[in-house]
Amino acid sequence: DIEFTAVVEPELIEYDHGPSPKFHTTVTFEDAGENETRLSMRALFPTKAERDRTVEKFGAIEGMKQTLSRLEEYLTKI
C-alpha cells in the first residue's frame, strides 16, 4: 500500500509504503538547466536490516530503476 503524505508541485512528492516492508520515501525534482530535471529519491527504513531485506528479497534497486525509466518515458510523451 502507498499513502501519499505530501505533494508540492512541481518540486516534491512524499509517501509511506507498507505495511511490509514499511518505509517513507521523499522524491524531489530540481531544475537542472535547459529541458533537464534532477530527480532525487530517499527511502527511509526503520532499520538497516529492513532496508537490506527489501533490496535483496524484492530487488528494490532494479525495480526503482525500471520505475524511473517508465516515468522518464511517460514524461517525454506529455
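What follows is a short exchange about a predicted model and the terms used to describe it. Local features need pLDDT of at least 70 and side-chain atom pairs count only at pLDDT 80 or more, while totals for chains, interfaces and linings use all residues. Residues are numbered from 1 along each chain as its sequence is written, and side-chain values use heavy atoms, with hydrogens and water left out.

Student: Why is L75 called partly exposed?

Tutor: Buried means under 20% relative accessible area and exposed means over 50%, with partly exposed in between (1.4 Å probe, protein chains only). L75, which lies in helix α2, has a relative accessible area of 43%, and is therefore partly exposed.

Student: Which residues does A43 touch, not counting residues up to four places away in sequence?

Tutor: A43 touches F23, H24 and T25, a contact being heavy atoms within 4.5 Å.

Student: How do you know how many helices and strands the protein has?

Tutor: By those DSSP runs, the secondary structure comes to two helices and four strands, and along the sequence they follow the pattern β-β-β-β-α-α. Across its principal axes, the C-alpha trace spans about 40 × 25 × 20 Å.
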